[in-house]
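Hi everyone, thanks for making time for this. I'd like to walk you through one chain today, so please have a look at the sequence and the model before I start.

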Amino acid sequence: MSAHLAPVPTSDLYTWRSGIESLSPLKPPCPGLYGEQWQKTHAGILDFLERFGAQAVELGWTDLDLFSVHAQHGTIRGDYCGALVPMPRPVEFIDADRISFGLLTYYRTQVGNPHPRLRGVPIWAFKG
């Protein structure tokens, strides 16, 4: 996918859950996520959706903010990854600008996060 044809971000819990549930925890969906790391990320995302999904929607988080991967290189291009991919540990809290993983925090507006036109695709849309 060209950077000029970036997908439109969505904030829909049903779409997020359906997308993640369509992925097998036993089959990595893209380069850079393998074995146990993908299994933990998959389980962690489902846990996040259960505990914080509705709140994330209300706060304006999008699928690209949370689940983005590079359209050709997956998580190998970490600068295209959303907050939850790969998931370092369970989410402890979320607000409008950050997600806390305990000692680690993802800032939505952090310098270095990709410009929206340069974001990848939701992990469930990865085609390689």
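**A walk through the chain**

Let's begin with contacts: among those in the chain between residues at least 6 apart in sequence, 65% join residues at least 24 apart. Please keep in mind that this is a predicted model.

Now the overall layout. The chain has 3 helices and 5 strands, and read along the sequence they follow the pattern α-α-α-β-β-β-β-β. There are 128 residues, and 41% of them count as buried.

Let's turn to the helices. A pair of packed helices is described by the angle between their axes and the distance between the axes. Here, the axes of helix H1, residues 13-21, and helix H2, residues 35-58, come within 10 Å and cross at roughly 175°. Angles over 145 degrees count as roughly antiparallel, so H1 and H2 are roughly antiparallel to each other. Who makes that contact? On the H1 side you have Leu 13, Trp 16, Arg 17, Ile 20 and Glu 21. On the H2 side there are His 42, Ile 45, Leu 46, Leu 49, Glu 50, Gly 53, Ala 54, Ala 56 and Val 57. By type, the residues of this contact divide into 9 nonpolar, 2 polar and 3 charged.

Please hold on to Trp 16 from that list, as the next part is about aromatic rings. A search of the whole structure finds 4 aromatic pairs. One of them is formed by Trp 16 and Phe 67: the pair is edge-to-face, with 5.6 Å centre to centre and 70° between the planes. Trp 16 lies in helix H1 and Phe 67 in helix H3, residues 63-67, so the pair ties together parts that are 51 residues apart in sequence. Are these two residues buried or exposed? Trp 16 is buried, with a relative accessible area of 0%, and Phe 67 is also buried at 0%.

While we are on rings, have a look at Trp 61. Arg 108 lies over the face of Trp 61, at 4.1 Å from the ring centre.

Next, I'd like to go to the loop between strand S1, 68-69, and strand S2, 93-94, which is where Pro 86 is found. Most peptide bonds are trans. What joins Val 85 and Pro 86? That would be a cis peptide bond, with omega at about -15°.

The C-alpha atoms of Thr 41 and Val 85 are separated by 6.9 Å, although the two residues are 44 apart along the chain. Leaving aside its neighbours within four places in sequence, Thr 41 is in contact with Leu 33, Leu 84, Pro 86 and Met 87.

That brings us to Met 87, found in the loop between S1 and S2. Met 87 has 9% relative accessibility, so it counts as buried. Not counting residues up to four places away in sequence, Met 87 touches Thr 41, Gly 44, Ile 45, Phe 48 and Phe 101. Ile 45, you'll remember, is one of the H2 residues in the contact with H1. Met 87 and Gln 37 are 50 residues apart along the chain, with their C-alpha atoms separated by 8.2 Å.

Arg 77 is found in the loop between S1 and S2 too. At 31% relative accessibility, Arg 77 counts as partly exposed. Arg 77 and Pro 31 are 9.4 Å apart in space, C-alpha to C-alpha, and 46 residues apart in sequence.

Two more stops and then I'm done. Ser 24 sits in the loop between H1 and H2, and is partly exposed, with a relative accessible area of 32%.

Lastly, the strands. Ser 100 has its place in strand S3, residues 98-100, and counts as buried, at 4% relative accessibility. Beyond its neighbours within four places in sequence, Ser 100 is in contact with Pro 90, Val 91, Glu 92, Phe 93 and Thr 105.

That's my tour, and I'm happy to go back to any of these spots with you.

Technical notes:
Residues numbered from 1 in each chain as written. Predicted model: local features only at pLDDT ≥ 70, side-chain atom pairs only at ≥ 80, totals over all residues. Heavy atoms only, no water. Axes fitted to C-alpha atoms, helices over the stretch in contact; angles between N-to-C directions. Helix = DSSP H or I, 4+ residues; strand = E, 2+ residues; numbered from the N terminus. Parallel < 35°, antiparallel > 145°, perpendicular 65-115°, else oblique. Contact = heavy atoms within 4.5 Å. Nonpolar A, V, L, I, M, F, W, Y, C, P; charged D, E, K, R; others polar. Phe/Tyr/Trp six-rings, centres within 6.5 Å; stacked < 30°, edge-to-face > 60°. Buried < 20%, exposed > 50% of the residue type's maximum accessible area, 1.4 Å probe, protein only. Lys NZ or Arg CZ within 6 Å of the ring centre and 35° of its normal.
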